[in-house]
Amino acid sequence: MIFKKVAVLFTFVFFVFCDAGFVDNLPKCHLKDNECLRDLYESVIRDIGKHGIPDLNIPPVDPIRLTNVTVSVLNVVNITMIEGVAKGIKDCLFEKFSINITSEIGHQENTCDLTIKGHYKVDTTSSLAENLLGGMSVHGDGNGKVKIDKLHLKFDFPFYAQRRDDGEIYIKCIYDLIKYDYEFGGKVSFFADNLYVGEQEISTPIIAMLNENWRFVMSGFGQPFVDKAMEFYFRFAGYFFDNVPARYYIIDDLSPYAKP
Ligand SMILES: *[C@@H]1O[C@H](CO)[C@@H](O)[C@H](O)[C@H]1NC(C)=O
Ligand SMILES: *[C@@H]1O[C@H](CO)[C@@H](O)[C@H](O)[C@H]1NC(C)=O
Ligand SMILES: *[C@@H]1O[C@H](CO)[C@@H](O)[C@H](O)[C@H]1NC(C)=O
């Protein structure tokens, strides 16, 4: 997955990172102090989102640039963001954050307003879509936008205290096993132009239909989009946890829990 590559990419710059002052100024928390951990997590995400980590030439990551990111819906429709941006993560409300070192499960909850927009492309090649539409293909290539208000997210993320070759202990999140749940506290709205069935431009009625039925649309087809969004969300977290030894932000001694 994408954030894994990012994590690998940034691991090697860690030593510079240590000198940068950023880590020395982090709040330090006890494992049991959920309020402190929440504040820590919020300030880290805000900081990386707004300023990046200049000493390491990591640019601000909110907005996130999206290039050729494809989401496949039911293997029938591929929607690709050819060139676009997603924004809003740094301004999420971080409501809960806790980590249980014994069960090796962390939990977080937040609420976010997210906007994704840019140059999109839609392809349908499956015979299903063509059969339904009498052989006409649905295709589009234009400007698109999705705005999600108050997306409430809950995550359980397995992790362990990882001792690395440098002797440091890190909170190592197991990204593939993250479980999450979400609900829409607000509305989802769509915009797109240049959407066609066969030769006919249909973006106005289609977008009106999607907007009127956004709840149905998201419950039926929203999952792959939210999955993709999660992948990006955890990049943020990864910048931090994969690069900063736990002793810079956790007061408790993690060595009894550490594993290779
Ligand atoms: C995105 O895809 C298009 C079309 O396949 C290609 O021309 C372009 O180079 C790609 N951009 C990047 C950054 O990979
Ligand atoms: C952590 O998890 C363990 C094992 O599931 C449980 O017994 C313990 O109460 C949890 N601790 C906290 C602080 O929730
Ligand atoms: C969607 O993309 C996948 C992977 O890029 C490809 O294998 C599939 O044929 C595409 N489907 C459509 C409907 O374009």
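These legends go with close-up views of a predicted model. Numbering starts from 1 along each chain as its sequence is written, with chains lettered from A and ligands numbered from 1 in the order written. In this predicted model, local features need pLDDT of at least 70 and side-chain atom pairs count only at pLDDT 80 or more, while totals for chains, interfaces and linings use all residues; side-chain values use heavy atoms, with hydrogens and water left out.

**View 1. Inside the largest nonpolar core.** This core holds 70 residues. A nonpolar core here is a set of buried Ala, Val, Leu, Ile, Met, Phe, Trp, Tyr and Cys residues joined through side-chain atoms within 4.5 Å. Buried means under 20% relative accessible area, exposed means over 50%, and partly exposed is in between (1.4 Å probe, protein chains only). Leu 26, Ile 99, Phe 240, Tyr 249 and Leu 254 touch the most other members. Helix H7 (residues 223–241) gives the most to the core, with 10 residues. Helices (H or I, at least four residues) and strands (E, at least two) are DSSP runs, numbered from the N terminus.

**View 2. Who sits around Ile 99?** Skip the neighbours within four places in sequence, and which residues is Ile 99 in contact with? Contact means heavy atoms within 4.5 Å. The list is Leu 31, Leu 37, Ile 105, Gly 106, Phe 157, Phe 159, Ile 171 and Ile 250.

**View 3. Helix H6, face by face.** In H6 (residues 214–221), the buried residues are Trp 214, Val 217 and Met 218. Looking down the axis of H6, these fall within an arc of 95°, so they line one face of the helix. The arc is taken over the directions from the helix axis to the C-beta atoms. They pack against strand E7 (179–184), E8, helix H5 (203–212) and H7.

**View 4. A nonpolar patch on the surface.** Phe 216, in helix H6, is exposed at a relative accessible area of 59%. Phe 216 forms a patch with Leu 74, Phe 221 and Phe 225, and together they have about 410 Å² of accessible area. Patches take residues with over 30% relative accessible area and no salt bridge, joining like charges within 9 Å and nonpolar side chains (Val, Leu, Ile, Met, Phe, Trp, Tyr) within 5 Å. Areas come from the Shrake-Rupley method with a 1.4 Å probe, and for residues only the protein chains shown count as cover.

View 5. Glu 35 pairs with Arg 38 in a salt bridge, closest N and O atoms 3.3 Å apart. The cut-off is a side-chain nitrogen of Lys or Arg within 4 Å of a carboxyl oxygen of Asp or Glu. The two are 3 residues apart in H3 (residues 34–51), so about one helical turn separates them. Glu 35 is partly exposed at 47%, and Arg 38 is buried at 14%. Arg 46 and Glu 42 also form a salt bridge, at 3.5 Å.

**View 6. Lys 147 and Asp 149.** This salt bridge has its closest N and O atoms 3.0 Å apart. Lys 147 is partly exposed at 32%, and Asp 149 is partly exposed at 24%. Elsewhere, shared partners join Glu 35, Arg 38, Asp 39, Glu 42 and Arg 46 into one salt-bridge network.
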